[in-house]
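Me: I'd like to walk through a protein structure with you, one question at a time. Shall we take a look?

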Amino acid sequence: MPVDSGKVGTEDIWVADREGDKWSKPYNIGEPINTDSREYFPTTTYDGAIYFTHFDPESRSEFTYRSKLIDGKYAEPEKVDGINLGRARFNAFISPDETFIITPTFGLADTYGATDYYIYFRNEHDEWSEPINMGSIVNSADPKEWSPSISPDGKFFFFMSAKISDAKSNLGELSAEKLYKL
């Protein structure tokens, strides 16, 4: 979306407010979340904290940041210690209660071949566990596993994967069972 405020931003986070049974016109969330670099893939917690990907132009890499909502305003974002591992990490999904985070990460030793989904658990001291590779059902040798999400009731994990090779792309109607067999 165009940045009406005159700020320079190649990718920014935008917000729309729920107004009754309709949505407001989207608006740029602004500083301190958005910068003149790239910010994208936000997820929020019950208490309003926002986790998002920020591209750092100096290192030319993506990192997961968190900004807490304090008195109705977002605090200065902080790089999330303990989950910014590997050579690239992006599109993190935080659970609404902030007990776990799922992060697509490139470059860890136990990868299935490229970018894999990893889950981390948060303790009462705001520290994150070691990464746990989520396994071959969701991870593959393909580098295109990028966008995790969980249904609001916590029963379903949604994810992007390029698990199906070109040779297997003519499979007819897909089902979970067919995907597990690939």
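Reply: Happy to! One definition before we start: two strands pair if DSSP finds at least two bridges between them. Keep in mind that this is a predicted model.

Me: How many helices and strands are there in the protein chain?
Reply: The protein chain has 182 residues, of which 35% are buried. Its secondary structure comprises one helix and 17 strands.

Me: Thanks! E12 and E13 form a hairpin; which residue in the turn has a positive phi?
Reply: Strand E12 (residues 93-94) pairs with E13 in the antiparallel sense, over two bridges. Five residues lie between the two strands of the hairpin, and the one in the turn with a positive phi, about 65°, is glutamate 98.

Me: Is strand E13 largely enclosed or largely open, and why?
Reply: E13 also pairs with strand E11 (residues 88-89), antiparallel and over two bridges, with arginine 89 facing threonine 105 as its bridge partner. Of the seven residues in E13 (residues 100-106), six are buried, so the rest of the structure leaves this strand largely enclosed.

Me: And how many bridges join E13 to E14?
Reply: The two strands run antiparallel. Phenylalanine 106 has threonine 115 in E14 as its bridge partner. The number of bridges joining E13 to E14 is seven.

Me: What kind of aromatic pair do phenylalanine 52 and tyrosine 65 form?
Reply: Both residues are buried. Phenylalanine 52 sits in strand E6 (residues 50-56) and tyrosine 65 in strand E7, so their pair ties together parts 13 residues apart in sequence. The ring centres are 6.2 Å apart with 25° between the planes; planes under 30 degrees apart count as stacked, and this pair is stacked.

Me: How are the rings of tyrosine 117 and phenylalanine 157 arranged?
Reply: Tyrosine 117 in strand E14 (residues 115-121) and phenylalanine 157 in strand E17 (residues 157-158) are 40 residues apart, and their pair links distant parts of the chain. Tyrosine 117 is buried, with a relative accessible area of 0%, whereas phenylalanine 157 is partly exposed at 25%. The ring centres are 5.8 Å apart and the planes stand at 85°, so the pair is edge-to-face.

Me: One last thing: which residue lies over the face of phenylalanine 63?
Reply: There are charges over two rings to mention here. Arginine 38 lies over the face of phenylalanine 55, at 4.0 Å from the ring centre. Over the face of phenylalanine 63, at 3.9 Å from the ring centre, lies lysine 79.

How values were computed: Residues are numbered from 1 along each chain as its sequence is written. This is a predicted model: local features need pLDDT of at least 70, side-chain atom pairs count only at pLDDT 80 or more; totals for chains, interfaces and linings use all residues. Side-chain values use heavy atoms; hydrogens and water are left out. Helices (H or I, at least four residues) and strands (E, at least two) are DSSP runs, numbered from the N terminus. Buried means under 20% relative accessible area, exposed over 50%, partly exposed in between (1.4 Å probe, protein chains only). Rings of Phe, Tyr and Trp (its six-membered ring) pair if their centres lie within 6.5 Å; planes under 30 degrees apart count as stacked, over 60 as edge-to-face and the rest as tilted. A charge sits over a ring if NZ of Lys or CZ of Arg is within 6 Å of the ring centre and within 35 degrees of the ring normal.
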